[in-house]
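Thanks for coming. Please have the sequence and the structure open.

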Amino acid sequence: MKNDFIQNMTHELKTPVATMSIALEAIQNFKASENETMKSEYIQIARNEINKLDNLVDKVLSFIQISEHPTLEEISINAFMNEVENSFNLRANQHNIYLKIQAIEKDIHYYGDKHNLKTVVFNLVDNALKYNQKQSGIVEISAQENHSFLTITVFDNGKQIPKDLAKSIFEKFYRVSKGNLHNVKGHGLGLYIVKMIVEKMNGSISLVSNELGNYFIVKLPIK
Ligand code: ADP
């Protein structure tokens with residue numbers, strides 16, 4: 001699976017690098033530096049590609065770091081949720097999104113690999129903030145313990161994901177092309193990584209999407 005991924009990735013990584021070298025070459029060779037409009041256009045191209053690359057590098061690193069040999073530890077879900085809140089609060093504020101962490105009455109103790117759990121939840125929250133284009137956006141994260149399962153739900157009140165796409169969005173490099181999302185950066189890897197990790201943790205992920213928004217539901221067995 002990793003070889004297949006690396007092959008696809010090589011192309012994805014090389015394209016922005018090639019575009020950046022062309023932009024820099026243009027500035028150097030074609031006297032673009034003497035033409036302010038042209039110069040800033042090429043610099044912008046290079047900047048956009050760097051952003052893409054930065055996002056991609058994060059995704060590749062989180063893929064590579066999927067622990068083959070997980071480090072198991074007891075995780076307080078309460079503390080974990082605080083960590084999620086602290087990491088995303090600023091970004092949510094900047095996007096005028098109300099980030100709500102539902103209080104847990106009785107702390108849940110999950111025994112597992114924290115890095116993997118973090119990658120899963122962070123990717124989901126990242127998407128929930130990224131794709132929510134509502135005026136009064138809401139992203140809500142909740143955790144529950146039920147019949148020896150930990151359920152973490154990431155809800156956003158953004159545009160409903162069409163039913164026929166509910167499966168495809170978990171495939172690698174899949175991005176919804178319809179709608180007004182072309183300005184949102186991404187490579188269609190986040191949910192693929194989430195699904196792989198969740199399955200490695202013997203859990204499952206599902207999407208419930210309706211007129212209220214999207215619910216990404218992660219279910220993990222508590223040992
Ligand atoms: P990326 O965000 O890098 O494109 P993902 O694998 O994380 O890749 O997501 C795949 C696609 O699923 C996205 O391109 C987007 O169209 C859709 N998607 C994921 N999460 C959401 C969400 N919370 N709301 C709306 N669309 C979403």
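Start with glutamate 49, which is buried, at a relative accessible area of 9%. Keep in mind that this is a predicted model. Glutamate 49 has a charged partner: its side chain forms a salt bridge with that of lysine 52, at 3.3 Å from N to O. As a general point, an α-helix has 3.6 residues a turn, so residues three or four places apart point the same way.

Lysine 195 and glutamate 199 form a salt bridge, and their closest N and O atoms are 3.1 Å apart. These two are four residues apart in helix 5, so about one helical turn lies between them. Lysine 195 is partly exposed at 29%, and glutamate 199 is partly exposed at 45%.

What about the rest of helix 5? Helix 5 covers residues 190-200 and is mostly covered, with eight of its 11 residues buried. Among the buried ones are Leu191, Tyr192, Ile193 and Val198. After helix 5 comes asparagine 202, which has a positive phi, near 60°.

Glutamate 83 pairs with lysine 118, with 3.2 Å between the closest N and O atoms. Glutamate 83 is in helix 3 and lysine 118 is in helix 4, so the pair ties together parts that are 35 residues apart in sequence. Glutamate 83 is partly exposed at 25% relative accessibility, and lysine 118 is partly exposed at 30%. There is also a network of salt bridges here, linking Glu83, Lys114 and Lys118. How many salt bridges does the whole structure hold? The search finds six.

Leucine 220 lies in strand 7, residues 213-221, and is buried, with a relative accessible area of 1%. Which residues does leucine 220 touch, beyond those up to four places away in sequence? The list includes Tyr110, Leu117, Phe149, Leu150 and Val198. Leucine 150 is 70 residues away from leucine 220 in sequence, yet the two are 5.1 Å apart in space, C-alpha to C-alpha. Val198 was also one of the buried residues of helix 5.

The other strand residue is serine 142, in strand 4. Serine 142 is buried as well, at 16%. Leaving aside neighbours within four places in sequence, serine 142 is in contact with Met81, Gln102, Thr151, Ile152 and Thr153.

Last, the overall layout. The domain assignment gives domain 1, residues 2-65, and domain 2, residues 72-221. The centres of the two domains are 28 Å apart, taken over C-alpha atoms. Between them the domains bury about 1200 Å², 67% of it on carbon and sulfur atoms. How many salt bridges join domain 1 and domain 2? The count is zero. The count of residue pairs in polar contact between the domains is also zero, with both residues at pLDDT 80 or more.

How values were computed. Residues are numbered from 1 along each chain as its sequence is written. Side-chain values use heavy atoms; hydrogens and water are left out. Domain bounds come from an automatic or database domain assignment. Buried area is the accessible area (1.4 Å probe) that two parts lose on being put together, summed over both. A salt bridge is a side-chain nitrogen of Lys or Arg within 4 Å of a carboxyl oxygen of Asp or Glu. A polar contact is a pair of N or O atoms within 3.5 Å; within protein, one must be able to donate a hydrogen and the other to accept it, and residues adjacent in sequence count only if both atoms are side-chain atoms. Buried means under 20% relative accessible area, exposed over 50%, partly exposed in between (1.4 Å probe, protein chains only). Contact means heavy atoms within 4.5 Å.
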